[in-house]
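Good morning, colleagues. Please look at the model on the screen while I go through a helix, the cores, the domains and the chain contact.

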Amino acid sequence: MIELRNVSKSYNKGKVKAVDDLTLVVRPGEIFGFLGPNGAGKTTTLKMIVGLLKPDAGTIAVNGLDTQTNDLACKAMTTYVPDYPAIYERLTGLEYLNFIGDVYGVPKAERLQRIEKWLEIFELTKAVGNPIQSYSHGMKQKIVLTAALLPAPRVMILDEPMVGLDPRSAHQLKELMREHCDQGKTLFFSTHIMEVAEKLCDRIGIINKGRLIACGTMDELKKLDAEPDQSLENIFLELTEP
Amino acid sequence: MRRLPSLVRVGLKANFGLSVLHYRIFKEKKDRWIVLVVALAAIGLGPTIYGYLHFLKIIYEILLPLGQQQAVLAFGVLSGQMLVLLFGLYYVISAFYFSRDLEMLIPLPLKPVEVMASKFAVILVNEYLTIAVFVLPVVVYFGILSKAGLPYWVNSILVYLLLPVIPLSIVSLLVIGMMRIVNLSRKKDALIIIGSLILIAAGIGLQFVFSRSMGSHPDPQAMLHFFTSPDSLLKQVGAVFPPSVWATQALAGGFSGAGLRNLLLLIGVSLALFYGILVLSERLFYKGLIGIGEIAGRKKALSREELGRRVSSGRRPVRAIFAREWRIMNRTPIFLLNGVLVVILVPILFVIMARAGGGRGDNAMILKALTSAKPLLVTLISACFMAVSGSLNGTASSTFSREGGQFWMSKVIPVSPREQVTAKFLHSYIIALLGIAASSIVLVLMIRLRIDDMLPAFGLAIVASVALTAVGMIIDLARPILDWTNPQKAIKQNLNVLFGFLADIGILVTLGFLLSFLMKIGLSANGLVIVLFAVLLILAAVSAEILLKLADRRYREIEV
């Protein structure tokens, strides 16, 4: 579970409010999609949850633990995939996975079984012994996803995870996101792909100019629109109209 | 070539981070303290520059009656050019082949020669700033001392602008040629390292040959000639790199025949070499550049058994982070050249230079006399040499900066900042120990240091290195450079590395003052070593504690 209470974050000494008094709860077993125009505050919110940015105000809790006071415990049950896979290019894929396994304390048997499974699914078995430098953008994205799945985290935070993935890998990712949450775990991700959000998410939040302007299930969002049965894309465009 | 000025403008802004700095200082109102630090550093340099000028004046006054005063100019000019020749290699390789903006520039409708010329111009501006410290005081002070007229000052501007062009062009020509060959191979990183080492070795070898060819065993006839010819000393100094003689004579000669002749020679050779680069770059630059970042992967997949064997059974986080640091440092050519290789190469260079300069005889005799007369001094100087050899590389003071855009991983992993910093400390410290070991071997070979002098020196150096390593890391942690696009920026162009050097030297000089005070109050040799050892232990403990405390705070504060 992820709970954000009155979280705010600004840049330029308070001149630019990136996230403004955000309150949001993502429940266990839930895939939560986070939508918003460019610069709306999506990445800032995700980065605050994983500890890359410090909120100016408010509290964030992961499974009941405050991310500021219990940072290591929160990090131990959370993994994060950034929007751009900036990872250790000079390591091989396997060295990188071993590193993640070591720092999250994943035992050897589970490590081997999960690495084999995800490498197979993402078709990385051939490349895993090569330096990450030799990977394509999509392959880098897949190795970061594999690393994020390796500790079998209770909470996964993904920032635009579909970018750079081929249709087969994107499909696999959606399956594994569902599988992850069916085990009672939590998944919070941002995306610009409306269809993915519409089909995959249990609940959706729309953020604009740092404020949460809509949040709920697809049905609940549809009720916000005067015209019945609008697509998520139309709802999004209307709500975020400049 | 019409697009060149705008390419250079963008290159300069990106290189010096002008836009980012402007944004931070004036918009975000962060980093304002940098202005203060730079001002303080400039003030702090005052006494050093004063000392340097004083030294120049003494030399000038000694040489003036002999008519050899131009050698002072040659010394300044030569040190500037040598700096470009030796360190330009790193700048050129990383700017021409490893800056990330190249990926953006290659698809643009620009000629290879334009891209290369813009990169060359940016390095040139960098070099003007780098050599200023060595060259400007000499040129300006010589002008004042010799009451030089307008021709000297006019020529000095021209000569200063031309000064880095020849050495930088030579380095560029060699690098462009080398990278063309490197790019043909699959083992590119290894070849870059081997190639750079060969170029450095060739450079040192050539200078060795030049200086030997000037003759180090003068007969009486030659001695007479030496003292009657006004520029003989200048030529001896400049023999290492002849363009420095042309530059000196262009300066000293003013608008006279000799002055203009040498100025023309300097301009001519600079232009010819620069033209050579343009021609060569049009043919070879992109062939060496395109695909240099590509690493050919193994075609064969890992078998199930192999995968099972290579999946680790779980290292402690400190060991895992240490392994990461070690691998990334040693597999990134620019980092390797500035880290492990520096600590091994610098002591070797000492040996080569000592052997090249005037043979072994005199130095060894002096050192031998010293070792028997003042054993304490030998121990202390040896310890200082070892500590400096171990610490004067940028490993510790770039340890956080080297992570760059990947620092996000250090922020999200469930490993405490203290453990992460401990692993990083161990990595930097082991490199320092390598330097101490290499310099110990040099001391044994060069001055036949006895084991009973060596052991205390070794002990002092390894304790001193704890503090020096921790201080370097503290400096980098206070303000890591994480937004670089060119690995050179993380280590070679990282001001933290310079501040780290200055702090290390400051600590050693302060310890020197403390020792001289203790000697004055009549403490015995053994007592001195024990006091020094205790002081170093306290320094090590205090600096390590500060580092760990700072880690707790900074890992939370740094936002990525």
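The expected span of a helix is 1.5 Å times one less than its number of residues. Helices here are DSSP runs of H or I with at least four residues, strands are runs of E with at least two, and both are numbered from the N terminus. This is a predicted model, in which local features need pLDDT of at least 70 and side-chain atom pairs count only at pLDDT 80 or more, while totals for chains, interfaces and linings use all residues. Residues are numbered from 1 along each chain as its sequence is written, and chains are lettered from A and ligands numbered from 1 in the order in which they are written.

I begin with helix 5 of chain A, residues 137-149. Its 13 residues should span 18 Å, and its end C-alpha atoms lie 19 Å apart, which agrees. A residue counts as buried if 20 or more other C-beta atoms, placed from the backbone, lie within 10 Å of its own. By that criterion 11 of the 13 residues of helix 5 of chain A are buried, so the helix is largely enclosed by the rest of the structure. Among them are Met139(A), Lys140(A) and Ile143(A). The cover over these buried residues includes strand 6 (78-81), helix 3 (93-103) and helix 6 (167-182) of chain A.

Next, the cores. A nonpolar core is a set of buried Ala, Val, Leu, Ile, Met, Phe, Trp, Tyr and Cys residues joined through C-beta atoms within 7 Å. The largest has 83 residues, and those with the most contacts inside it include Tyr96(A), Ile143(A) and Phe188(A). Helix 5 of chain A gives the most to this core, with 7 residues. Apart from it lies another core, of 65 residues, including Ala71(B) and Phe142(B).

Now the domains of chain B, whose bounds come from an automatic or database domain assignment. Domain 1 comprises 48-215 + 229-289, and domain 2 comprises 316-557. Their centres, taken over C-alpha atoms, are 30 Å apart. Counting two residues as in contact if their C-beta atoms, placed from the backbone, lie within 7 Å, 15 residues of domain 1 of chain B meet 12 residues of domain 2 of chain B. Helix 9 of chain B gives the most to the domain 1 side, with 7 residues.

Finally, which chain supplies 41 residues to the contact between the chains? Chain A does, and chain B supplies 38. On the chain B side, helix 15 gives the most, with 6 residues.

Definitions and conventions:
A residue is buried if 20 or more other C-beta atoms lie within 10 Å of its own, exposed if 12 or fewer, and partly exposed in between; C-beta atoms are placed from the backbone.
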